[in-house]
Amino acid sequence: MDAIKKIARNGMRLLFRVEVINEHKVPKEGGAILCSNHISAFDGPLIVAFANRKINIVAKKELLNNKLISYFLNKYNAIQVDREKPSIASLREMKKVLCNGEVLALFPEGTRNGLAKEVEVKGGASFLSTITQKPIVPIKIVGKYRLFHKIKLIYGNPFVVKNKQEGIKEITDAIEMIKEPCKVKVYKQKNC
């Protein structure tokens, strides 16, 4: 793990009390597509910082206008996309990443809290899984990015999309259906 990623991981863990659950569901090798809900601008850095594999993140082109953000996005192999007019070139770049056995992370909502805003979910992840036969790994981010509040990064079961149109709903359903693990309270039994 490089120094910047280690600093980001430790910093986020301190600020937000990050808990990663079921990270073993990300394949240890081969291409995969991480698809997460999108609740904050911190989501991308969170996924990259806590991934045990190299991540290529898909980011909206507007983010590259900020020099500091652009530096980090380029350092971590960001693929820029125009959300209004996705280009064939960016799709080819994403396909190449997957075919090279690397991991791609994206947010199918296309914007923060897209499902709540009833924004049409983007079909890029579904399309890429269909043509490459690489698995989608759904991720649900739970919590609020408030100082010292807990944020959970929960991975779901991987699956390969068979049909692009049905896959869009399959991906959003898989993200929404991820449940937080139940906590079991253990009480001491008093001797009478």
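**Figure 1. In this predicted model, helix 4 and helix 5 lie oblique to each other.** The axes of helix 4 (residues 88-99) and helix 5 (residues 124-132) come within 11 Å and cross at roughly 50 degrees; angles under 35 degrees count as roughly parallel, over 145 as roughly antiparallel, 65 to 115 as roughly perpendicular and the rest as oblique. Axes are lines fitted to C-alpha atoms, for helices over the stretch in contact, and the angles run from 0 to 180 degrees between N-to-C directions. The crossing of helix 4 and helix 5 is right-handed, a term for a near helix turned clockwise from the far one by less than a right angle, with anticlockwise giving left-handed. On the helix 4 side, Leu91, Met94, Lys95, Leu98 and Cys99 take part, and they meet Phe127, Leu128, Ile131 and Thr132 of helix 5, where contact means heavy atoms within 4.5 Å. Sorted by class, the residues of this contact are 7 nonpolar, 1 polar and 1 charged (Ala, Val, Leu, Ile, Met, Phe, Trp, Tyr, Cys and Pro count as nonpolar, Asp, Glu, Lys and Arg as charged, and the others, Gly among them, as polar). Residues are numbered from 1 along each chain as its sequence is written, and side-chain values use heavy atoms, with hydrogens and water left out. Because the model is predicted, local features need pLDDT of at least 70 and side-chain atom pairs count only at pLDDT 80 or more, while totals for chains, interfaces and linings use all residues.

**Figure 2. Helix 5 also packs with helix 6.** The axes of helix 5 and helix 6 (residues 164-177) are 8 Å apart, and the angle between them is about 120 degrees. Helix 5 is therefore oblique to helix 6, and the crossing of these two helices is right-handed. Ala125, Ser126, Phe127 and Thr130 of helix 5 meet Lys164, Gly167, Ile168 and Ile171 of helix 6. The residues of this contact divide into 4 nonpolar, 3 polar and 1 charged.

Figure 3. Thr130 is partly exposed because its relative accessible area is 23%; buried means under 20%, exposed over 50% and partly exposed in between, with a 1.4 Å probe and protein chains only. When residues up to four places away in sequence are not counted, Thr130 touches Val161, Lys162, Asn163 and Lys164. Thr130 and Lys162 stand 32 residues apart in sequence, and their C-alpha atoms are 5.6 Å apart in space.

**Figure 4. Helix 1 and helix 2 pack at an angle of about 115 degrees.** The axes of helix 1 (residues 3-16) and helix 2 are 9 Å apart, and helix 1 passes helix 2 in a left-handed crossing. Lys5, Ala8, Arg9, Met12 and Arg13 in helix 1 meet Pro45, Leu46, Val48, Ala49 and Phe50 in helix 2. By class, this contact has 7 nonpolar and 3 charged residues, and no polar ones.

**Figure 5. Ala41 lies in the loop between strand 2 (32-36) and helix 2 (43-50).** The relative accessible area of Ala41 is 54%, so this residue is exposed. Although 104 residues separate Ala41 and Tyr145 along the chain, their C-alpha atoms are separated by 9.6 Å.

Figure 6. Arg17 counts as partly exposed because its relative accessibility is 42%. With a relative accessibility of 28%, Asn22 counts as partly exposed.

**Figure 7. Cys35 is buried, whereas Cys99 counts as partly exposed.** The relative accessible area of Cys35 is 0%, and the relative accessibility of Cys99, a helix 4 residue that takes part in the contact with helix 5, is 48%. The count of disulfides comes to 0, a disulfide being a pair of cysteine sulfur atoms within 2.5 Å.

**Figure 8. The protein as a whole has 6 helices and 7 strands.** Helices (H or I, at least four residues) and strands (E, at least two) are DSSP runs, numbered from the N terminus, and from that end the elements run α-β-β-α-β-α-β-α-β-α-β-β-α. Of the 192 residues, 41% count as buried. Among the contacts with a separation of 6 or more, 69% are accounted for by residues 24 or more positions apart.
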